[in-house]
Amino acid sequence: MSTDHPDYALHAWVDESIHVSAGFYMIAAAIADVAQIESHRDFVRAIAPSPRRRIHWREEEDKDRLRIAEAFGQLDLAHTVVVASPIDPRKQERARRKCFERLLPELAGIGVTHAWLETRTTVLNGRDRAMVAAMRGSGALTGSLRVEFGDPEIEPLLWIPDVIAGALGAARRGLPRYRDALAIAIDEIEVCL
């Protein structure tokens with residue numbers, strides 16, 4: 001990722017992937033230099049199988065998953081993924097919290113100033129806000145990292161962590177072809193539950 005821009009700053013887009021039967025929960029972050037955001041958006045929109053719909057890992061056919069993974073591997077981004085295991089299917093929110101407790105300080109530590117989490121329901125977004133506030137209150141999250149919510153129907157950069165998490169999840173379940181197609185470095189962090 002280039003850091004030559006005079007207004008260099010980093011932003012991140014974050015999504016989850018839950019693999020109950022395989023026993024893990026992951027949160028993926030795609031990190032970009034703000035100077036490249038618009039070109040990344042244009043690139044990602046152009047990769048979509050149809051201009052009328054978003055890229056969503058679960059809904060893509062195998063050939064499209066491979067094509068999308070290969071294309072996303074060309075983007076000048078950094079990626080951090082936190083994987084929590086083993087998960088109790090009844091405690092997915094706990095796994096999410098543990099992943100964020102590790103991810104958000106990592107993002108702040110590398111200079112990310114703004115992170116967008118894929119929006120969920122009003123209640124679940126409220127839980128995430130409370131978690132971030134608790135992390136700030138305890139000193140676990142310091143600095144100026146802003147955490148907000150984004151809608152993947154509007155923000156195509158949220159499609160990237162969805163694909164990264166999908167490809168890594170498939171690799172962890174014994175299907176490495178998507179991860180191989182990405183052909184990029186991904187910082188993977190393990191969290192034991």
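These legends describe close-up views of a predicted model.

**View 1. The largest pocket and its lining.**
The largest pocket has a volume of about 410 Å³. It is lined by 22 residues, and those closest to the pocket centre are Glu16, Ser17, His56, Arg58 and Asp162. Elements that give two or more residues to the lining are β1 (10-19), α3 (92-109), β4 (112-118) and α5 (159-172). The largest share, six residues, is from β1. Sorted by class, the lining holds nine charged, eight nonpolar and five polar residues.

**View 2. The salt bridge between Glu16 and Arg96.**
Side chains of opposite charge can pair when their charged atoms come close. Here Glu16 and Arg96 form a salt bridge with an N to O distance of 2.7 Å. Glu16 belongs to strand β1 and Arg96 to helix α3, so the pair ties together parts that are 80 residues apart in sequence. Glu16 has a relative accessible area of 22% and is partly exposed. Arg96 is buried, at 3% relative accessibility.

Asp128 counts as buried because its relative accessibility is 3%, and buried means under 20%. Salt bridges with shared partners link Glu16, Glu93, Arg96, Arg120 and Asp128 into one network. The model has 20 salt bridges by count.

Asp42 and Arg45 form a salt bridge, and their closest N and O atoms are 3.7 Å apart. Both residues lie in helix α1 (residues 37-47), three residues apart, about one turn of the helix. Asp42 is partly exposed, with a relative accessible area of 48%. Arg45 is partly exposed too, at 41%.

**View 5**
β4, helix α4 (residues 122-138) and β5 build a right-handed β-α-β unit. β4 pairs with strand β5 (residues 146-150) in the parallel sense, over five bridges. Glu118 stands opposite Gly150 in β5.

Most residues other than glycine have a negative phi, and most peptide bonds are trans. The bond joining Ser85 and Pro86 is cis, with omega about -10°. Pro86 sits in the loop between β3 (78-85) and α3. Ala183 has a positive phi, near 50°. This residue, Ala183, is in the loop between α6 (177-182) and β6 (187-192). Ala183 is exposed, at 64% relative accessibility.

Methods:
Residues numbered from 1 in each chain as written. Predicted model: local features only at pLDDT ≥ 70, side-chain atom pairs only at ≥ 80, totals over all residues. Heavy atoms only, no water. 1 Å grid on protein atoms, 1.4 Å probe; cavity = no way out; pocket = protein on both sides within 12 Å on 5 of 7 lines; lining within 4 Å. Points joined across faces, edges and corners; volume = space filled by probe spheres on them. Helix = DSSP H or I, 4+ residues; strand = E, 2+ residues; numbered from the N terminus. Nonpolar A, V, L, I, M, F, W, Y, C, P; charged D, E, K, R; others polar. Pairing = 2+ DSSP bridges. Right-handed = clockwise from strand over helix to strand, strands pointing away. Buried < 20%, exposed > 50% of the residue type's maximum accessible area, 1.4 Å probe, protein only. Salt bridge = Lys/Arg side-chain N within 4 Å of Asp/Glu carboxyl O.
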